[in-house]
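Visitor: I am new to this one, so please take your time. Could you give me a close look at a single part, after a few words about the whole?

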Amino acid sequence: MKAFLTAHRLWLLAFALILLSNAAVLLGVQANASGKPTSVPLLSERELSLPYGTSSRDNSGLSLRINWHTLSRDANSTNRYYDYRSPAWLDADKLESLGFDLQARLKSRKKPVSKELFIVLEFEGNAYQEALRRAQYAYDNAEAHYQLRTQNNMLAQNNYQSTKDRLEQLRTIESRLYAIDAGNDPKQLREHYSDRAKFIIVKGVIRPDYGYIHTKEKLFGHISRLSINRVHVPLKYRKLFDAISEQNKLQRGERVPPRYELKLAYGSRYEPYIDSVMLIRPIFN
């Protein structure tokens, strides 16, 4: 009997903890959505997409993945994964301004710990235009070499086709969100980047790293991740995204032009939530 009472109390305690945890989450969601949003971009499937392998039979909830990029440090690089998410602006001076103690770590050869900071994502701005310019430049060069009919024509043809595909992807299906700055104070960042539809202030994790740039070892920053990289889909939009998920399965992962636009809002806690969704292209023909 005594063991039964003890087990019963433990069960009640566990149940109470679950209730308190859920209540805390709901209060946090309400607090985040209260007041004026800190950012209100109008994005599309290019920036917020269903994760690969999402099934409409999954009843555990549905979320969209936030897709974003950085510009390579090397303006002449045609490799989209070169110095991935280590942009030129995130150099040693910038890291020190963000509060990283680099000198002490350089002496000990230990990497400084990561920090959660505020990152500015620019939508369809100068960084995206620069990415297009670089892709166009790479394509023009590849096309010129291909037209010359060089000895290794197969290599020239492959390079021509890959740069052409890359340019087309940037124009039509790739995300137009680019990380362009970071800081400790979101209000100061907002003063500098005042357009709430074009500049999104989010929380993200940055860490310093070592590497070789033009054969010289340097210390630079790396954006490890966004603190929140997925956005929950409200129940009222679940049917729409279930249909999109079914179409994705039929297309076997093939990327297509955007089928929807959505108004994303970042609340007072700099956490995202979906305000509205609009279908811009038929799901099934």
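Guide: The protein chain exposes about 17,000 Å², with 54% of that supplied by carbon and sulfur atoms; the areas come from the Shrake-Rupley method with a 1.4 Å probe. This is a predicted model, in which local features need pLDDT of at least 70 and side-chain atom pairs count only at pLDDT 80 or more, while totals for chains, interfaces and linings use all residues. Residues are numbered from 1 along each chain as its sequence is written, and side-chain values use heavy atoms, leaving out hydrogens and water.

The chain has 7 helices and 10 strands, taken as DSSP runs (H or I, at least four residues, for helices; E, at least two, for strands) and numbered from the N terminus.

Now for your close look: helices α4 (residues 126–147) and α5 (residues 153–172). Their axes come within 8 Å and cross at roughly 155 degrees; axes are lines fitted to C-alpha atoms over the stretch in contact, with angles from 0 to 180 degrees between N-to-C directions. That makes α4 roughly antiparallel to α5 (an angle over 145 degrees).

Which residues of the two helices meet? Among them are Tyr128, Leu132 and Tyr139 in α4, and Ala156, Tyr160 and Leu167 in α5, where contact means heavy atoms within 4.5 Å. The residues of this contact divide into 12 nonpolar, 6 polar and 3 charged; Ala, Val, Leu, Ile, Met, Phe, Trp, Tyr, Cys and Pro count as nonpolar, Asp, Glu, Lys and Arg as charged, and the others as polar.

Terms used:
Parallel < 35°, antiparallel > 145°, perpendicular 65-115°, else oblique.
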